[in-house]
Amino acid sequence: MSFDRLWAELAPIGRSDDGGYHRYTWAGADGDARAWFAESAAARGLDVRTDRNGNLWAWWGVPGPGAVATGSHLDSVPDGGAFDGPLGVVTALAAVDELRSRGFTPSRPLAVGVFVEEEGGRFGVPCLGSRLATGEIDPARARALTDAAGITWADAMAAAGPDPDGIGPDPDLIGMFDLFVELHVEQGRALADTAHPVGVASSIWPHGRWRMDFTGRADHAGTTRLVDRSDPMLPLAHTILAARALAQSHDARATVAKAHITPNGTNAIPSLVSAWLDARAADQSALAAVVEGVREAAERAAHDHGVTVAVAAESTTPLVEFSHDLRDRLAATVSDRVPESAGPVPLLPTGAGHDAGVLSAHVPTAMMYVRNPTGVSHSPMEWADPKDCHAGVTALADVLADLLAEPGRAV
Ligand code: HGY
Ligand code: MN
Ligand code: MN
C-alpha cells in the first residue's frame, strides 16, 4: 500500500532524537513537510495550489464548485506525535492511489488540503488557516500574531513566500466545497478497547484558550520580606489548582501547560507571569462555569497577593455537531467492511479541536478516526498500528468513492 511509502518519506521531517515532532508554521521542518506534500501530490498528477492564507490544496479534477474536500494538517505541537495531522494528509493521498487502483473516476473534483497552523503551536491561535479562510478571524489580528521570539505571522509568512497582505476570507474557495471529510488519529481511548479500527465523529466539545497576565513587582528573592512582596507566581499557583478543581466539579478539562515568567531569574521575584488556560467541556454552560470560576479565582488570588491580573480569550470554539446525514453516511460506508460481531461503528464526541470543526459552520463536514491503542496524543507516545492505518486508507477511499460518485450540487 502506498501509505507505507508516503509515511516513511514524511516521518523523518521535523522529528527530534526523542521521537517528538517540531513542525512550526513557516519555519524549517514545516516548510520541508509542505514541500514533501506538494511533490507527492504533483507526482500523482494532482494540481497543487496555495490559497491566499497559505493552505495547500491538491486537486484531482478541475478546481470548481461541487467539490469534495479532505485532508488535515502537518504542523505539530511542541514535541508532538507523528500521527496528529499527518495521518489525515498521508491517508488522503493513499486513498487517491487506492481509488485509482480500483479504476475509479470521480464525477466531481476532489481537493486534498493541508491547513496551516492547526495547532497554534507557534502563533497561539489554533486552526488559523481554516479560521482565516472562513472569515472567522480578522486578518489584521492574524498578521500581528507573534511567536515566542516576537516574529509576526506576517513576517514569518512573507519569509516563507506567500504574501501576508492577501490573507483573509476566501469565499471562492470555501464556496467550491460541497463537503469536507477529515480523517484523524483518535486522541483518546475511545476506540482502543473496541473491535473497530475506524470510528466516525459525532461532535467536538466547545473549548478555548485564555491568556492570564499576572503583574506583580520585581524584587530580590533574598532581601524582600514576605509581607512586602507582590509575587505573581503565587496567584498563578492558586489559579492552576482552582482550574483543576473546577474541571473536576464540572466534568470538564482545564489545563495550564504554558507560562512565560519575566524576568525568569532564580533569585528575582517576577514582575510578570503570563500563562494560558486551555479549557474544554461537553457543553457551553459547563465550559462557561469553568472559565468564569477560573477568572474569579485568579482575581481573588491576585488581590490577596497585591498583584493585578488580566484574563483574555485568545481563541474560542463553540460546540460542533457534525452533519448528521454525512456522519450517518460515513458510518454506513465504514460498517460495510466491519463484521457484524464488532457491533455498530462507534460515533465519537471529542475534546480535540480540528479544522473540520471550524469548517463545519460553513460546509457540511464529517470526521473519521483511526484507532490509537495508546490513547495518548500531543506526545511522542502517540501511535497507530500500521494495519489500522491501512484500514483508514480503505475506509477513506470507500467514503470518497461514495461521495465522488455523484455529481456535485448545482452551482
Ligand atoms: O488542541 C487541539 O484540540 C488540537 O490539537 N488543535
Ligand atoms: Mn493536535
Ligand atoms: Mn490535529
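**Entry 1: ligand 1**

I began at ligand 1 and found one of its oxygen atoms 2.7 Å from a polar backbone atom of G353. I count a pair of N or O atoms within 3.5 Å as a polar contact. The model is predicted, so I note its limits: local features need pLDDT of at least 70, side-chain atom pairs count only at pLDDT 80 or more, and totals for chains, interfaces and linings use all residues. Residues are numbered from 1 along each chain as its sequence is written, chains are lettered from A and ligands numbered from 1 in the order in which they are written, and side-chain values use heavy atoms, with hydrogens and water left out.

Two side chains also went into my notes. H378 has a polar side-chain atom 3.0 Å from an oxygen atom of ligand 1. E118 places a polar side-chain atom 3.1 Å from a nitrogen atom of ligand 1.

Which residues are around ligand 1? I listed E118, E119, R280, A352, G353 and H378, each with a heavy atom within 4 Å of the ligand.

**Entry 2: the sheet**

I then traced an open sheet of four strands, in the order β9-β11-β7-β12, with antiparallel pairing. Strands (E, at least two residues) and helices (H or I, at least four) are DSSP runs, numbered from the N terminus; two strands pair if DSSP finds at least two bridges between them. β9 (253–262) and β12 (308–317) are the edge strands, each with a single partner, so one side of each has no neighbour in the sheet. From one strand to the next the twist averages 15 degrees, taken between the N-to-C directions of lines fitted to C-alpha atoms, on a scale from 0 to 180 degrees.

I followed β7 (residues 207–215) along β12 and noted nine antiparallel bridges. W210 has A313 in β12 as its bridge partner.

**Entry 3: two backbone details**

Most residues other than glycine have a negative phi, and most peptide bonds are trans.

I looked up W26, in the loop between α1 (2–10) and α2 (28–42). Its phi is positive, near 65 degrees, and W26 is not a glycine.

Is the peptide bond from T262 to P263 cis or trans? I found cis, with omega near 10 degrees. P263 belongs to the loop between β9 and β10 (268–269).

Note on methods: A polar contact is a pair of N or O atoms within 3.5 Å; within protein, one must be able to donate a hydrogen and the other to accept it, and residues adjacent in sequence count only if both atoms are side-chain atoms.
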